[in-house]
Structures are given as C-alpha cells and as structure tokens.
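Here is a short briefing on one strand and its surroundings. Keep the structure open while reading.

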Amino acid sequence: MNYLTVESISKSYGEVSLFEDLSFSIHKDDKIAFVAKNGSGKTSILNIISGADQPDNGQVVIRKGLRLSFLSQSPQFEDELTIEDTIFNSDLPILKIIESYEKALLDPEDADAYQKAFEGMERHNAWEFELRFKQILSQLKLEDLSQKIKTLSGGQKKRLALATALINEPDLLILDEPTNHLDLEMIEWLEQYFAKAQMTLFMVTHDRYFLERVCNEIIELDHGKLFTYKGNYSYYLEQKEARVSNETVETGKAKQLFKKELEWMRRQPKARTTKSKSRIDDFQDIKAKAHQRRNDHQVQLEINMERLGSKIVEFHKVSKAFGDKVILKNFEYVFKRGERIGIIGKNGTGKSTFLNMLTESIVPDAGKVIIGDTVKFGYYTQSGIKIKEGQKVIEVIKEFGEYIPLTKGRQISASQLLERFLFDRKKQYDFVEKLSGGEQKRLYLCTVLIQNPNFLILDEPTNDLDIVTLNVLEDFLLDFPGCLLVVSHDRYFMDKIVDHLFVFKGEGEVENFPGNYSDYRDYEASAPVVEIAKAEPGTVDQTKNEAKKLSYNEKKELKSLESKIRSLELDKKAFEEKFHDTTLSKDKINKLSLDLEKIIDELATKEARWFELSEKLED
C-alpha cells in the first residue's frame with residue numbers, strides 16, 4: 001500500500017541548488033533510512049515530506065487520511081504548557097479518554113465523573129494503551145509530567161517530541177536524527193522498539209547500528225541522483241561498492257568510445273544521412289558519460305602533534321559533588337601515552353563534569369588533578385563552534401593564522417586546509433550561520449585539530465556528521481598517536497575507536513572496564529550470579545582450578561596489555577635510537593636516560609602482569 005509519493009521535487013536557496021528532480025515512494029511497513037553527505041539537503045527533504053516546507057518544483061502526494069508525525073532536530077512547544085498538557089494536546093481520540101480518566105483520579109470525590117471516565121476506558125479498551133504510553137514516558141525519563149516546557153533542556157524537549165510521536169501511533173513517522181540527545185540505554189530501547197513495531201518509518205540518522213538493525217531499505221542521494229537499496233546498512237555498503245565500481249568501468253568504456261567518435265566527428269562527414277545525424281546526436285550522450293566524474297573528495301585530516309612527555313594526566317583521590325548529587329568519589333587514574341578511553345553512562349551521571357575537571361575549567365572538591373607540562377588538549381565540545389554574526393568560513397580559520405603548520409615542517413594556507421575539509425572555494429566565503437548543522441560540526445572539528453593537540457577530548461563528536469565524514473574521522477583517530485578520550489552515544493563509533501571504558505554509574509561510582517562498548521554489553525549480559533555455598537568434601541581442588549581461570553575482566557586486561565606492551569617497545573626503540581646522535585649534550589643524555597629508564601620500568605611491570613595472567617590461562 002502506497003503511503004506517500006515524492007514527485008520530481010527541487011529546492012534552492014538563492015543561487016545554491018540543494019537538489020533537483022527527486023522522486024521516490026514510501027509504502028506501508030517500509031523502514032527507510034535516507035543517506036546523503038552534509039549540505040545535500042537531507043533536513044530540507046524531511047521538512048518537505050512532512051509539510052513543514054514546500055519544494056520549488058514538484059509535489060508530495062500523501063494518501064488520504066494518513067496520520068503523519070515528524071520528529072525534527074529542534075522541536076517547538078508552547079513554553080507555558082506542562083509535559084502532560086503537551087502529550088494530551090493531540091487529536092487522537094484514545095488520548096482524550098485517558099486524559100479524562102487521569103483528571104478523574106485527581107478528584108475522587110466526584111464519583112459520577114470517575115465512573116464515566118472509567119466506563120470510557122473500559123469501552124475503548126484503553127488500559128493497554130495507557131500502560132504502553134507510560135512505559136514510553138518511563139523509558140525516555142519523562143516522569144515529572146507537571147514540569148513546564150520552558151524549564152526543559154534541549155535534550156528533554158527532543159525526548160518529549162519523540163515520546164509524543166510514538167504515543168500518537170502515526171501511520172508514517174518521519175525522524176530527523178532520532179538518537180541525538182538519547183543515552184545509550186534509551187537508544188537501545190528505541191532500536192528494539194522500532195525493530196519489533198509494525199510501523200512505517202522514514203529517517204535520517206548517522207547511527208550505523210540503528211541502520212543495520214532497524215532499516216529494511218536505504219535511499220541514498222549521491223551526486224544529485226537517488227539510489228535505492230532494499231536491505232540494511234551492511235547490504236547498502238556492499239551494493240554501493242559494487243555500483244561505484246561498475247560506474248568506473250562504464251566511464252572507462254565511454255571514454256574509449258568517445259575517442260573513436262571524436263575522430264569521426266572531426267572528419268566532418270559531408271553526407272548528412274539519417275544514420276549519420278543519429279550518430280551525431282548519440283555523440284553528445286557519449287561525451288557526457290565520458291566526462292562524468294564522481295568528485296569523491298574525502299576529508300583529509302593531518303596534524304603536527306606536539307610531543308607528549310611521560311607525565312600526562314593524573315587523578316589522585318578526586319571527589320566532586322553538586323549539593324547532594326555526587327559526581328566522583330575518590331577517583332584515581334593515571335593516563336598513559338596512547339590510551340584510547342571511552343566514557344559511557346546515563347545522562348546526568350557527570351560525564352561532562354569529568355571532562356571539565358580534566359581541562360581545569362572546574363575545580364574538584366577534594367583530591368588533585370595533575371596535568372603534565374607537555375600536554376596540549378584539543379577539546380571538541382557539544383556546544384560546537386561559536387558563531388559570530390557575519391563571519392565567513394574562511395575567517396574562522398584565518399583566526400589561527402594565514403598559514404597552518406603540518407607535519408615535517410610543511411605548512412598549508414587557510415584556504416587549502418578548508419578544501420581538505422570539503423569546503424570548496426565558493427563555500428569558504430559563505431556565512432557560518434548559513435551552513436548546515438553537519439557542515440558547522442565539520443568546520444568546528446577543523447578548528448580543534450589545527451591547534452595540534454596531543455590529548456584529544458571528543459564530547460559527542462558524531463552528532464550531525466554524515467557517514468562519509470564519520471568513516472574518515474574514525475580512520476584518523478585509529479592512527480592518532482596521542483591520548484584520546486571520547487564521550488559518545490554512537491555505539492559503532494565507540495566499538496571501532498576505543499579499547500577501554502570509564503562507565504559512569506551514578507552516585508560517584510566509575511567502573512574501569514578494559515574493552516569497547518560491545519565487550520561491556522556482552523560482559524553485563526553474561527555476568528554470572530555468584531552463589532556462596534558450603535563446599536562438599538573432595539571439591540577443594542576443583543575450587544582451586546576454578547580460581548585459576550581468567551575472569552572476563554582479566555581476559556580483556558590481557559588483550560589490552562598486549563597492545564600496550566607493543567606501544568612501549570616502540571617507544572623504547574625510538575629512545576634508544578636517539579642515543580646515536582653524537583651531538584647530544586651531557587644534560588640531554590641524562591634526561592634521555594631517565595625517560596628511557598621509566599619506559600623500561602613500565603614495560604617490565606606490564607610484561608610481569610602479562611606473564612601472570614598468561615600462566616593462569618594455561619592452568
């Protein structure tokens with residue numbers, strides 16, 4: 001059953017054409033993801049489909065009587081309404097029945113009103129709907145229904161908009177980045193909800209696990225053309241690679257044919273027969289195919305990282321609280337060179353406060369945070385780039401200099417650097433406030449990296465970035481030689497980038513887990529229930545053998561140790577090679593000796609622990 005048809009729509013803003021002549025359909029039970037690069041007009045297409053905007057040309061045909069809901073990135077509500085008022089402000093009849101019942105419960109003395117409301121619930125079998133509606137609110141942490149909209153954060157408003165959309169049970173639900181502002185627990189719940197629900201979805205999302213587990217179709221806007229893939233994210237990647245490869249082959253064939261036809265055209269045949277006229281007309285099509293270019297430029301990330309010394313960052317018995325809300329309690333950790341740590345936890349458990357203490361913008365209540373002399377932070381915050389009215393893209397980068405230093409003593413102009421971040425010469429003179437959300441995030445990432453940090457802190461870096469940019473960012477971070485600390489709700493990103501987690505559990509508790517996000521979820525799912533029982537005679541040896549087996553955490557520690565030992569061995573080799581320099585002064589030799597001694601000591605400690613765990617594994 002066809003729900004909605006997009007017919008030849010186009011959209012421009014001034015001289016900038018976002019897209020032209022796009023057509024596709026949405027059918028009942030489709031779960032479609034729309035994929036395109038930042039700045040291609042994804043949000044504009046969602047606005048047009050939902051009726052929030054109109055195309056310059058073409059039309060959207062919607063099935064008569066279709067119930068449609070749209071979750072935008074920045075939902076708008078009436079400030080003076082409460083959460084409850086907002087939810088019940090719907091034309092869904094069953095919600096009016098539940099609203100009457102909820103009001104009757106508040107006035108138990110009015111028996112007639114209560115009886116009438118109760119009978120309404122019975123007659124329309126609204127009890128099950130009410131239960132499901134309350135479960136949705138609970139999962140999205142919207143429990144205080146009396147709270148006014150004007151007191152809510154941006155994240156709470158997004159969750160309220162999502163709750164309202166789900167409760168209204170539309171025939172077609174359109175979603176713009178539904179996982180933004182949700183914690184990991186909420187994202188996983190929503191993923192399972194959509195995967196099981198008989199709902200028709202059309203969404204823009206960068207969450208690749210969401211694409212993999214929820215969607216049954218992906219529509220991609222690539223170089224102005226639409227391509228449809230009837231499958232999930234894995235299928236899309238496989239088929240896109242095949243398509244691009246085939247296009248390259250076809251372009252190659254067209255180039256060969258073009259050369260042949262060009263020679264014929266240059267001979268200018270005098271006999272203008274019907275056959276030759278047809279061949280001349282075909283020549284223009286062959287020429288267009290031969291000169292077709294994919295223009296697949298990728299973000300090129302390169303930095304001249306400052307040298308990182310042996311002392312990096314140390315937390316010594318650090319505690320922090322805001323009133324009765326405890327964030328950290330006697331937290332201890334010594335960061336080591338090359339560590340890649342992810343931070344996870346529910347919203348409000350103190351992740352951002354931890355980052356602010358690390359960067360010394362917040363002072364702990366007790367304990368010390370010691371920052372090494374050579375540490376240079378690069379801090380990518382959720383707030384993003386600070387937009388100055390009337391500022392152009394090129395002017396943002398020129399604030400750091402006309403020329404930016406790269407590795408090996410090279411330098412690059414501000415304009416050339418922006419081209420590496422996919423801002424062409426024309427786009428560089430656009431006003432920053434006119435950029436899409438994803439383009440602003442890409443520009444902000446550029447400003448963080450060009451300051452050459454050796455300790456990168458990324459707070460929700462994946463929000464609003466397109467999948468192409470995410471893949472390039474991941475490849476860059478995998479090769480980044482400094483320290484990396486990431487807060488993200490993007491599970492795919494975390495699995496690929498980090499090998500160690502700080503799990504913020506609330507009430508000041510932080511679990512130190514050796515592994516990535518999926519490892520942690522597997523660990524939680526497989527954690528045994530420990531039962532203490534009196535040993536039977538003859539079972540002592542068995543108990544000892546069990547004790548010698550590696551726990552899940554020890555297995556992950558063993559894996560992590562192997563990586564750290566390799567890194568330390570490389571550091572040791574690099575320091576040893578420095579002694580070959582015959583021009584070294586005595587003071588420099590002494591300093592190098594001390595640094596090398598620290599590396600050797602740390603290597604010996606890691607190797608001893610590795611042998612200890614390996615022996616347990618062999619037993």
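**Strand 6 and its neighbours**

Strand 5 (residues 68-71) and strand 6 run parallel, joined by 4 bridges. Two strands pair if DSSP finds at least two bridges between them. This is a predicted model: local features need pLDDT of at least 70, side-chain atom pairs count only at pLDDT 80 or more, and totals for chains, interfaces and linings use all residues. Residues are numbered from 1 along each chain as its sequence is written, and side-chain values use heavy atoms, leaving out hydrogens and water.

**Strand pairing**
- Helices (H or I, at least four residues) and strands (E, at least two) are DSSP runs, numbered from the N terminus.
- Opposite Ile174 in strand 6 stands Phe70.
- Strand 6 also pairs with strand 7 (residues 200-204), in the parallel sense, over 5 bridges.
- Met203 in strand 7 stands opposite Leu175.

**Burial**
- Strand 6 (residues 172-176) has 5 of its 5 residues buried (under 20% relative accessible area, 1.4 Å probe, protein chains only; exposed is over 50%, partly exposed in between).
- Leu172, Ile174 and Asp176 point one way, Leu173 and Leu175 the other.

**Helix packing**
- The axes of helix 6 (residues 154-167) and helix 7 come within 14 Å and cross at roughly 20 degrees (axes are lines fitted to C-alpha atoms, for helices over the stretch in contact; angles run from 0 to 180 degrees between N-to-C directions).
- That makes helix 6 roughly parallel to helix 7 (under 35 degrees; over 145 is roughly antiparallel, 65 to 115 roughly perpendicular, the rest oblique).
- Contact (heavy atoms within 4.5 Å) involves Arg159, Leu162 and Leu166 of helix 6 and Met186, Trp189, Leu190, Tyr193 and Phe194 of helix 7.
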